[in-house]
Amino acid sequence: MDYELYLHIPFCRQKCFYCDFPSWAGQEHYMEAYTEALCREIAMQSSLFAAAGQAVTVYIGGGTPTTLPLPFLQRILRTVQRCFPLATGAEFSVEANPGTVDAAYLAGILAAGANRLSLGVQSFNDGLLQRIGRIHTAEQARQAVSMARTAGFKNVSLDLMYGLPGQTLADLAASVAEAADLQPQHISIYGLQVEEKTVFFRQQQQGRLQLPDEAAAEAMYDYMTGELPRRGFFRYEISNFARPGFASRHNLGYWQDVPYLGMGAAAHSYWDGRRQENTADIAVYIRQVMEGELPAHEEEPAARSLHMEEFCFLALRTVQGIDRQKFVEKFGCTLESVYAPILTDMRAKGLLTVDDAGVRLTKRGMKYGNVVFAAFLL
Ligand code: SF4
């Protein structure tokens, strides 16, 4: 069986104003013990799961993995390769913040086994970067891409954002152009969502967050979905664009129901149809693992209907859409037996393409994905 591995590094230098991921600033004193515990968990989990097959992707995310001192991150990279059988040519990604890396650091993670670098750039406008709480400048992002190339990374991804406070279409166009000119293999571009428990949420409550209005955000969306393919990045998922052959295999696995094992504080796993979540508290995580306990608790088994909804949402995010045959194999019934009225309605509205292979979002459906996903709720 093929599976994926995810390793979570919950440290950041500073919390970005929009971020609700499980990551914390000011916890550097835990880094050494956390590295020790994570390597211990990798070994424990491998004794249970490694023999089930091979890992086709490894993703080290966070948080900011590259806030760890290089020897710590190298130790984690090497431990995972020693403990789990990796498929030949497995995709091995590390997320990095441009404000935390230099040439030696990038060469060091490449030497320790990483082969894909995902850089959180967000924008090439310094004013916007400050406004959203990023720790780096546009120039540091440019330098990080250049250093990654020099180090030997042949697969570099850049993250951008749109719909930021004070951002104009011209700002977005300049960032998209600059990102494309740097010739990465992959670009992800996410619309800002204001999540609870973030600085932006508080600012919004206090009336201090001016976001682009709906028409402006829509114009940005239209721009980037037109411009990136024109520049050779094909769209393979709602928010993801890649040069041919460089779609993120790890993310595709999530959207295509591939089992994954998550390790580290707050990591999630999906294995054999069961979901588990590790404790998010760094200190508790370290203590449990060092006492020889697995830090995971099992989530309530998802009801069949919930599993169906999720299977459909995730598959619909990709250009391949829902595979009819896979749906039958998974749930023992046809797509039409559950969703016939929805399929007819969404097709009539020009949001879905329905054929013998399956069901996919149209271009318009990608834009109004939330409307389609809501319709798939059972
Ligand atoms: S660097 Fe990433 S994980 Fe850390 S706070 Fe910013 S967005 Fe969140």
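A search of the whole structure finds 0 disulfides, a disulfide being a pair of cysteine sulfur atoms within 2.5 Å. The model is predicted, so local features need pLDDT of at least 70 and side-chain atom pairs count only at pLDDT 80 or more, while totals for chains, interfaces and linings use all residues. Residues are numbered from 1 along each chain as its sequence is written, and side-chain values use heavy atoms, with hydrogens and water left out.

Cys333 takes part in no disulfide, and its nearest cysteine sulfur, that of Cys312, lies 9.7 Å away. Cys333 is buried at a relative accessible area of 17%, and Cys16 is likewise buried, at 12%. Here buried means under 20% relative accessible area, exposed means over 50%, and partly exposed covers the range in between (1.4 Å probe, protein chains only).

Helix H11 (residues 304-316) packs against helix H13 (residues 335-348) at an angle of about 65 degrees, with the axes 13 Å apart. Helices (H or I, at least four residues) and strands (E, at least two) are DSSP runs numbered from the N terminus. Axes are lines fitted to C-alpha atoms, for helices over the stretch in contact, and angles between N-to-C directions run from 0 to 180 degrees. H11 and H13 are therefore roughly perpendicular, given that angles under 35 degrees count as roughly parallel, over 145 as roughly antiparallel, 65 to 115 as roughly perpendicular and the rest as oblique. On the H11 side, Met308, Glu309 and Cys312 meet Leu335, Val338 and Tyr339 of H13, where contact means heavy atoms within 4.5 Å. These residues divide into 5 nonpolar, no polar and 1 charged; Ala, Val, Leu, Ile, Met, Phe, Trp, Tyr, Cys and Pro count as nonpolar, Asp, Glu, Lys and Arg as charged, and the others, Gly among them, as polar.

A second pair joins helix H6 (residues 169-181) and helix H8 (residues 214-230), whose axes come within 10 Å and cross at roughly 25 degrees. H6 and H8 are therefore roughly parallel to each other. Leu169, Leu172, Ala173 and Val176 of H6 make the contact with H8 residues Ala219, Met220, Tyr223, Met224, Glu227 and Leu228.

Turning to the strands, Glu277 sits in strand E11 (residues 274-278) and is partly exposed, with a relative accessible area of 25%. Leaving aside neighbours within four places in sequence, Glu277 contacts Ala267, His268, Pro295, Ala296, His297 and Glu299. Between Glu277 and Asp213 there are 64 residues in sequence and 37 Å in space, C-alpha to C-alpha.
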